[in-house]
Amino acid sequence: MLQFEGTLAQVKFYQNNSGYIFMKLNDGTMIDVSGATGTKRHHHHRHSSKSNKTATGMINNENETQSSSSSSKKKSSSDKTGAMGLGATNSHDIIEHDISNLANLNQLPASGSFESLKLSSERLRTIIAALHCNILIRKDDLVRNLDYAANVLEAVYQDETKRLMEEDDDALSEIEPDSVPNEVRDWLAMTFTRSMSTIKQKPTEKKKFKSVAQAIRAGIMVDRLFRRNTLAISAVFHQTINEWTFDVFSVNEFTNGQCLRYIGFELMQRYNLPNKLRIPVTALQNFLEQMESGYSKYHNPYHNLIHAADVLQTIYQIVYNSGLMNWLTDHELFAMFIAAIVHDFEHTGTSNNFHIQSRSDVALTYNDRAVLENHHVSAAFRLMRIDDYNIIAEFTADEYKNFRHLVIEMVLATDMSSHFTQLKTMRSLLSMPENIEKAKALALILHCADISHPGKPWNIHHIWTKSLIEEFFTQGEKEKALGLPCSPLCDRENTLVAESQIGFIQYIVEPSFVVMGDMLDKVLKSLVIDSQLPSPSIPSRSQVTSPTPSAVSSSESNAHGEESNGAERVLPSSMTTPTPRPTVVRRPWSDYLKSNRERWIKEAEEERRRKELNVIEEEP
């Protein structure tokens, strides 16, 4: 606030593209104050003693305020400046001169150049100054300059988009063009990067990667859930649920096609989460049943309830056998389970790109971004709003907020198009001394669990591969019926299955599990260091609130006496006798990835021979 002639006035300052500084009063008067700061004047500006007197009474070089006691000093200084040809001028003249330059649109810098950014910024500021002073601008000049500035902004946006896409492509750029078939290159690029939404290359053009489930009520719930084959199911769970080689297909057969609810309840029961988190048991049962219904909605060969159960067991196995269960609170553990359960809820059996190209309702709802992943998590939370399925009814506002945030982060991270960005971010975090944020860590683990079947034994991996390829082929048939280009690996007649799996393992799965393993090592080491710090007055979380298996769990004695394919988890025999923790996480998937890739290489050779024979037989 400035004071002159007994009146308080609120002023604003502006600077035009020629460097002149103006002060705007409450009545709209614009006063050129450039002379007070020594700014060079334009030769045509007229001197105004009125503006000069007002300016010198109101401007201070350091504070932009002036007390009445220093007015005379500033006045004499300004008079001296005026004598040198640097006096005040009429601000409208300066702005009008700048406006006259708006008509000059010849030989402007290209919209993608650095110079265009500065020029468009200056012209926009001239237009703003003119509007403040109520100075008219020719409509044609205004439109043409705004159009030019819009083109510059669009060019910047396109350059930034291209840069983000190239970051994805760089992760694959070292791959030799001949090392992977064209169709496999297309599939990897379309699925795991943001650089391809359609295929528009010539058939003969060789593509490169530069573009590439209170505890369960003892009598009632057990009778309802385990009324058939109870002993057989329990035996399977107790012996294998902690193992990397868990056979979800056998469990699904034992449970009459209800493996998701069985595995979900077993894991929730093991850690007594219904009791600890006040989860209504009936609502939990209803929720899991509805999950199975949603997964069966489209009768998908791959994205079905078996896949959800497999991912749930896999993410549990990774965290449990890495010795990281004590790293999570009960609410975080529950959120991890729920995220795995809902991560493909109501999957349509088609890709995000299919929805975008066919302009489906779900693509329009989520604006072509992580279309299915947004639907999965949104549909699950909408289900929880219904009383019969509200498993989080007793959560506080903060508990709900944190739970929802973690579930959303984890599920959205399963969007395959963000694959390389996720790995790049985690690699950066691994190089820093700070601890890994739980949300990012759990998101990566879920993503890896989602694509983990190539790291499982061949008999399990091969079943999943056949199911996925059949789902791809079904999508390809839908695309042909709609007149859409057939997506990579979706053409039943020409797809090379073995080659696709070689590329999938080598360029997607294996690098992901390497980064995840390194991340688990870092988290485990930080836990070991924290556990060695003296804390005599505060009991460790493993003694109080850690999500260790509940005593009510029927599988407790078995769960802790086993040694699985992952890191051995042994509880201390005494609370005063700590058990040393391992500092390196076992990686049971490594050998399976290697052996499965080698087997696919042999399969690819056979695939090529069969194809060559077919060509010979077709020749006249």
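User: What is the handedness of the crossing where α19 passes α20?

Analyst: In this predicted model, the crossing of α19 past α20 is left-handed.

User: Which residues of α19 and α20 meet?

Analyst: His-419, Gln-422, Leu-423, Thr-425, Met-426 and Leu-429 of α19 meet Lys-440, Ala-441, Ala-443, Leu-444 and His-447 of α20. By class, that contact has 6 nonpolar, 4 polar and 1 charged residues.

User: What makes Asp-310 count as buried?

Analyst: Buried means under 20% relative accessible area, and Asp-310 has 4%, so the label applies. Asp-310 sits in helix α13 (residues 305-321). Beyond its neighbours within four places in sequence, Asp-310 is in contact with Val-248, Lys-456 and Trp-464.

User: How do you know that α17 is largely enclosed by the rest of the structure?

Analyst: Of the 14 residues of α17, 11 are buried, so the helix is largely enclosed. Among them are Glu-373, His-375, His-376 and Phe-381. The buried residues pack against α12, α14, α15, α16 and α18.

User: And how does the reach of α17 compare with the expected span?

Analyst: From first C-alpha to last, α17 (residues 371-384) reaches 20 Å, close to the 20 Å expected at 1.5 Å a residue.

Note on methods:
Residues are numbered from 1 along each chain as its sequence is written. This is a predicted model: local features need pLDDT of at least 70, side-chain atom pairs count only at pLDDT 80 or more; totals for chains, interfaces and linings use all residues. Side-chain values use heavy atoms; hydrogens and water are left out. Helices (H or I, at least four residues) and strands (E, at least two) are DSSP runs, numbered from the N terminus. The expected span of a helix is 1.5 Å times one less than its number of residues. Buried means under 20% relative accessible area, exposed over 50%, partly exposed in between (1.4 Å probe, protein chains only). Contact means heavy atoms within 4.5 Å. A crossing is left-handed if the near helix is turned anticlockwise from the far one by less than a right angle, and right-handed if clockwise. Ala, Val, Leu, Ile, Met, Phe, Trp, Tyr, Cys and Pro count as nonpolar, Asp, Glu, Lys and Arg as charged, and the others, Gly among them, as polar.
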